[in-house]
Amino acid sequence: MLNKMEAALDLVLQYDSRAMQVLRTQSDGIFVFGTAGVYAEWHRNEKLVVLQPEYVSAPATSAAGLASTLVHEATHAWLEKLGFWYSEDRRQRIEAICFKRELRFVRRAGGEKELISELERQLTCDPAYFSPEAFKERTLTEIERLGVSRRVVSIIEKCVNQWRRLTRRLKPMTKTLALGLVFITA
C-alpha cells in the first residue's frame with residue numbers, strides 16, 4: 001500500500017505540479033482511515049485528504065487511479081482557498097470542476113482507458129447523486145458495512161440533532177455572557 005501511495009504522489013508531482021503544491025501547502029497530510037462511503041474526502045477543518053483504506057489497498061486501484069483521486073481532493077482544497085466553499089447549492093458544480101481536473105490529469109499521465117471512461121461517466125452523473133439524501137444514504141450504507149445497525153445510527157442522529165438545537169439556542173446567550181464578563185473584568 002505504501003509503495004502505491006508513493007508511486008501516486010510521484011505521478012502527481014510529475015504531471016500536476018499545482019496539485020502537488022496544494023497538497024504540500026494547503027493540507028496537513030493524507031490520512032488512510034475511512035470515509036463516508038466514498039474513495040476520498042477533503043476535510044476542510046482538519047486540512048486532511050482522507051482515503052478509504054479498501055480503495056487504497058485494492059489490487060484494482062492503480063497508482064494512476066490513486067493519483068487522480070489526490071488531484072481531485074487537492075482541487076477541493078484549492079477551490080476552498082479561493083473562497084468557493086463546498087455547499088449543497090454548489091456541490092454539483094464543484095464536483096464537476098474536480099472531475100475535470102482529475103480527467104485532465106489522467107489524460108496527461110497517459111491514463112488507463114477504464115479510468116478515463118469512469119471519470120467521463122462521473123461528469124454526466126445524475127444530479128440526484130449529489131443531493132443531501134443521496135449523501136446521507138451513502139453514509140448510512142457505509143456505517144452498516146462497518147457493522148453498526150441503522151437503529152443505533154438513528155439514535156445517534158437524534159442526539160446530534162438535539163445537541164445542535166441546544167447549541168443554536170444557547171449561542172446568543174453565550175455571546176451575552178462573554179460580553180458581560182468583559183465588562184465586569186474591565
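Residues are called buried under 20% relative accessible area, exposed over 50%, and partly exposed in between (1.4 Å probe, protein chains only). By this scale Glu157 is partly exposed, because its relative accessibility is 32%. The structure described here is a predicted model, in which local features need pLDDT of at least 70 and side-chain atom pairs count only at pLDDT 80 or more, while totals for chains, interfaces and linings use all residues. Numbering runs from 1 along each chain as its sequence is written, and side-chain values use heavy atoms, with hydrogens and water left out.

The overall picture comes first. The protein has eight helices and three strands, where helices (H or I, at least four residues) and strands (E, at least two) are DSSP runs numbered from the N terminus. Along the sequence their order is α-α-β-β-β-α-α-α-α-α-α. Along the principal axes, the C-alpha atoms fill a box of roughly 65 × 45 × 30 Å, and 34% of the 186 residues are buried.

Five salt bridges are present in the structure, each being a side-chain nitrogen of Lys or Arg within 4 Å of a carboxyl oxygen of Asp or Glu. One of them joins Arg101 and Asp16, with the closest N and O atoms 2.9 Å apart. This pair brings together distant parts of the chain, as Arg101 belongs to helix α5 (residues 91–108) and Asp16 to the loop between α1 (2–15) and α2 (17–26), 85 residues apart. Both partners are buried: Arg101 has a relative accessibility of 6%, and Asp16 one of 4%.

A salt bridge of 2.5 Å, N to O, connects Glu120 with Arg107. Here Glu120 of helix α6 (residues 113–123) is linked to Arg107 of helix α5, 13 residues apart. Glu120 is partly exposed at 34%, and Arg107 is partly exposed at 46%. Glu157 returns in a salt bridge with Lys136 (2.9 Å, N to O). Glu157 lies in helix α8 and Lys136 in helix α7 (residues 132–145), so the bridge ties together parts 21 residues apart in sequence. Lys136 is partly exposed, with a relative accessible area of 41%.

Two further buried residues deserve a look. Glu80 sits in helix α4 (residues 63–81) and is buried at 12% relative accessible area. Its side chain makes a polar contact of 3.0 Å with that of Trp42; such a contact is a pair of N or O atoms within 3.5 Å, and within protein one must be able to donate a hydrogen and the other to accept it, with residues adjacent in sequence counting only if both atoms are side-chain atoms. Val50, in strand β3 (residues 48–51), is buried at 6%.
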